[in-house]
Amino acid sequence: MKKYQIVGIGNAIVDVLTQSDDTFLEMMDIEKGIMTLVERERAELLYASMKERTQAPGGSVANTIAGAGKLGLRAAFIGRVRDDALGRFYAQEMEVGGTDFVNAPVEGGELPTSRSMIFVSPDGERSMNTYLGISAEVGPEDVDEAIVSDTEILFLEGYLFDKPKGKEAFQRAAKLCQAAGGKAGIAISDPFCVNRHREDFQRLIGELDFVIGNEAEIKALYEDEDLDTALARVAAKNPLVVCTRSGDGVSILQGGTRVDVPVEKVTPVDATGAGDQFAAGFLFGMATGATLATAGRMGCIAAREVIGHMGPRPKADMRALFRREGVLN
């Protein structure tokens with residue numbers, strides 16, 4: 001038995017959330033519903049403008065790994081934080097939540113710990129303004145062979161593709177994991193990220209065991225506007241393709257088989273973390289031997305729970321919720 005059932009590599013970002021209306025977004029020149037990268041001065045201005053802040057450890061794959069850990073998987077996360085107040089908060093909160101934070105906070109004069117100011121509108125849309133700081137500096141030296149070789153499932157965050165050393169970290173980690181008998185996969189993360197690195201993404205997904213993305217991300221991989229065509233092209237390169245389609249459900253392709261999982265449409269309180277927790281539920285199902293349909297339902301249930309409250313991580317007892325929904329004994 002391997003030490004970890006799941007290990008993630010991604011941005012270690014402290015999420016700072018507040019509720020705001022569209023008038024405030026316009027006044028502060030915040031683009032609604034998307035993630036915008038900001039510089040340090042802009043980050044400090046937006047942070048100062050926030051009222052009734054909620055602070056929590058975040059980052060896309062980190063949220064997924066934390067969700068999987070809360071479900072009971074043996075979990076660890078590889079990321080970079082500085083040895084400052086936010087960095088120590090991040091590492092401690094991950095550990096308290098049941099996920100090993102395997103790299104110690106970095107001492108010295110490097111960039112500050114990353115943070116994302118998230119403004120949540122009354123309709124549940126979140127406008128994310130992210131200062132990447134030190135988290136974007138993850139490189140191959142951060143990948144401990146003993147950790148990634150001793151995991152069943154390795155999950156990579158597409159956002160880290162923006163720097164060459166992030167790509168190098170992924171390639172090193174995936175090869176080590178797969179050589180030791182594990183499976184490695186990626187969250188595509190963002191269609192704009194795909195557009196910047198399309199050839200590298202295409203090359204990497206051809207070397208991995210699974211890929212998870214939403215409809216826009218899947219279409220962006222091969223610049224196909226027809227979803228079925230896009231899915232078929234990705235599935236020709238990767239053995240397990242999972243595509244979330246918001247209120248239209250989830251499509252899963254493996255070995256020539258397609259499974260479509262419907263979802264119950266609900267009005268979100270806060271859509272932050274929906275895709276991340278879908279991945280947590282799906283990967284929990286994958287790690288525990290569930291069928292594709294059941295794993296897809298687990299993902300949808302986890303996503304529905306997280307959009308029912310503020311914050312990107314589950315608050316409910318997810319195993320109990322899975323039992324009530326009939327997807328876990």
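Let's begin with a strand pairing: which residue in β10 stands opposite Ile-153?

Guide: Happy to! Opposite Ile-153 you will find Lys-183 in β10. Before going on, please keep in mind that this is a predicted model, in which local features need pLDDT of at least 70 and side-chain atom pairs count only at pLDDT 80 or more, while totals for chains, interfaces and linings use all residues. Residues are numbered from 1 along each chain as its sequence is written, and side-chain values use heavy atoms, leaving out hydrogens and water.

Strand β10 covers residues 183-187 and runs parallel to β9, joined to it by five bridges. Here strands (E, at least two residues) and helices (H or I, at least four) are DSSP runs numbered from the N terminus, and two strands pair if DSSP finds at least two bridges between them. Strand β9, residues 151-157, has another parallel partner in β1, residues 4-9, again over five bridges. In that pairing, Phe-155 of β9 has Gly-8 opposite. Six of the seven residues of β9 are buried, where buried means under 20% relative accessible area, exposed over 50% and partly exposed in between, for a 1.4 Å probe and protein chains only.

Helix α3 (residues 60-70) is mostly covered too, with 10 of its 11 residues buried. Among them are Asn-63, Thr-64 and Ile-65. After α3 comes Gly-72, with a positive phi near 110°.

Now move to an open sheet of five strands, in the order β3-β8-β7-β2-β4 and with mixed pairing. Its edges are β3 (35-37) and β4 (54-58), each pairing on one side only. On average, neighbouring strands here are turned by 25° against each other, direction ignored; such angles run from 0 to 180 degrees between N-to-C directions, and the axes are lines fitted to C-alpha atoms, for helices over the stretch in contact. Inside the sheet, β2 (residues 13-19) and β7 (residues 114-120) are parallel over seven bridges, and Asp-15 has Ser-116 in β7 as its bridge partner. Helix α4 (residues 85-96) lies across β2, β4 and β7, at about 70° to β4.

In the loop between β2 and α1 (22-27) sits Ser-20, which is buried at a relative accessible area of 10%. Leaving aside residues up to four places away in sequence, Ser-20 touches Leu-25, Phe-119, Val-120, Ser-121 and Pro-122, with contact meaning heavy atoms within 4.5 Å.

For a helix pair, look at α11 (residues 274-287) and α12 (residues 292-306), whose axes come within 7 Å and cross at roughly 145°. Residues of α11 including Phe-278 and Phe-282 meet a set in α12 that includes Met-298 and Cys-300. That contact has 12 nonpolar, five polar and no charged residues, counting Ala, Val, Leu, Ile, Met, Phe, Trp, Tyr, Cys and Pro as nonpolar, Asp, Glu, Lys and Arg as charged, and the others, Gly among them, as polar.

The whole structure has zero of them. The closest cysteine sulfur to that of Cys-300 is in Cys-243, 12 Å away, so the two are too far apart for a bond. Cys-300 is buried at a relative accessible area of 14%, and Cys-243 is buried at 0%.

Methods
A disulfide is a pair of cysteine sulfur atoms within 2.5 Å.
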